[in-house]
Amino acid sequence: MNSTIEKFIERANQLLIKAQNVAATRSNNSSQNVFVRTRVNSTAFHEWKNNTENFILMVCRETSPYYENFIDEVKSAFPDDVDHGIGILNALKEDLELGYLTKVKDLVSAEIFTDFIEMAQHLLNNNYKDPAASLAGAILENGLRQIAQKHTVETKSGDDIGSLNTKLADKEIYNRLIQKQIQAWKSVRDSADHGKFNDYKKEDVKAMLSGVQRFLLENL
């Protein structure tokens with residue numbers, strides 16, 4: 001299992017334990033003649049509530065049922081609100097374990113791309129600019145395909161950087177200025193792959209790596 005997902009599952013478990021601790025603070029201040037609704041410790045409740053809202057928003061989109069249900073159902077320091085929160089956290093944890101969350105997949109993809117960017121950077125730092133340029137191009141092509149999949153843009157197995165770039169720009173996934181920049185990166189990659197090593201410099205590859213990393217992190 002990817003380390004990012006493992007960390008999210010671990011955090012979900014921590015918040016579930018914290019919820020149980022909050023639930024254990026419930027108290028009933030009812031007297032013989034006056035009924036007062038059972039409450040939990042307000043400070044502990046709001047600390048857990050804020051932690052959990054932040055976690056759900058980090059893992060899911062703001063429009064996800066997890067986040068919307070948590071906001072709607074977990075409002076005040078009452079045992080029922082804590083129980084609702086526990087149910088939502090358990091459901092989120094299960095979907096994390098089964099790999100059903102799109103945003104987490106996006107985060108994992110971004111993490112993997114970052115690892116490969118670091119490999120390309122290592123090559124470049126050791127004066128292997130040509131393999132670094134080729135690897136950066138492969139990362140970009142794979143990333144464009146992932147972005148297309150994310151936005152349900154139809155692609156073919158033979159699509160390269162150029163065709164993927166055109167399809168995404170035509171669908172207005174990003175603007176024409178970004179399309180032009182991607183075409184420039186494609187030129188560097190093509191030169192590397194076809195042995196035209198004098199067509200670009202080490203500085204060009206350095207700028208490409210930085211740009212591709214930023215582009216993928218913003219779009220995945």
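How many helices and how many strands does the secondary structure of this protein come to? Nine helices and zero strands. So that you know what you're looking at: this is a predicted model.

Okay, a few overall numbers. The protein has 220 residues, and 40% of them are buried. Its accessible surface is about 12,600 Å², with 48% of that belonging to carbon and sulfur atoms. And take the contacts between residues at least 6 apart in sequence: 63% of those join residues at least 24 apart.

Let's go inside. The largest nonpolar core has 30 residues. Among those with the most contacts inside it are L140, L144, V212 and F215. Which helices each supply at least two residues of this core? That would be α5 (102-125), α6 (129-150), α7 (161-170), α8 (176-193) and α9. The one that gives the most is α6, with eight residues. There's also a second, separate core, with 28 residues, including Y66, Y67, L89 and L92.

Leaving out neighbours within four places in sequence, V212 is in contact with I117, A136, I139, L140 and W185.

Next, please find N219 for me. It sits in helix α9, which covers residues 202-219. Buried or exposed? N219 has 15% relative accessibility, and the cut-off for buried is under 20%, so N219 counts as buried. Its side chain has a polar atom 2.7 Å from the backbone oxygen of F215. Beyond its neighbours within four places in sequence, N219 is in contact with I147 and K150.

Last stop, helix α2, residues 42-59. At the start of α2, a side-chain oxygen of N41 comes to within 3.1 Å of the backbone nitrogen of T43.

Which residues of α2 are buried? They are F45, W48, K49, T52, E53, F55, I56 and V59. Notice that K49 and E53 are on that list too. Look down the axis of α2 and the buried residues fall within an arc of 165 degrees, so they line one face of the helix.

Technical notes
Residues are numbered from 1 along each chain as its sequence is written. This is a predicted model: local features need pLDDT of at least 70, side-chain atom pairs count only at pLDDT 80 or more; totals for chains, interfaces and linings use all residues. Side-chain values use heavy atoms; hydrogens and water are left out. Helices (H or I, at least four residues) and strands (E, at least two) are DSSP runs, numbered from the N terminus. Buried means under 20% relative accessible area, exposed over 50%, partly exposed in between (1.4 Å probe, protein chains only). Contact means heavy atoms within 4.5 Å. Accessible areas come from the Shrake-Rupley method with a 1.4 Å probe; for residues, only the protein chains shown count as cover. A polar contact is a pair of N or O atoms within 3.5 Å; within protein, one must be able to donate a hydrogen and the other to accept it, and residues adjacent in sequence count only if both atoms are side-chain atoms. A nonpolar core is a set of buried Ala, Val, Leu, Ile, Met, Phe, Trp, Tyr and Cys residues joined through side-chain atoms within 4.5 Å. The arc is that of the directions from the helix axis to the C-beta atoms.
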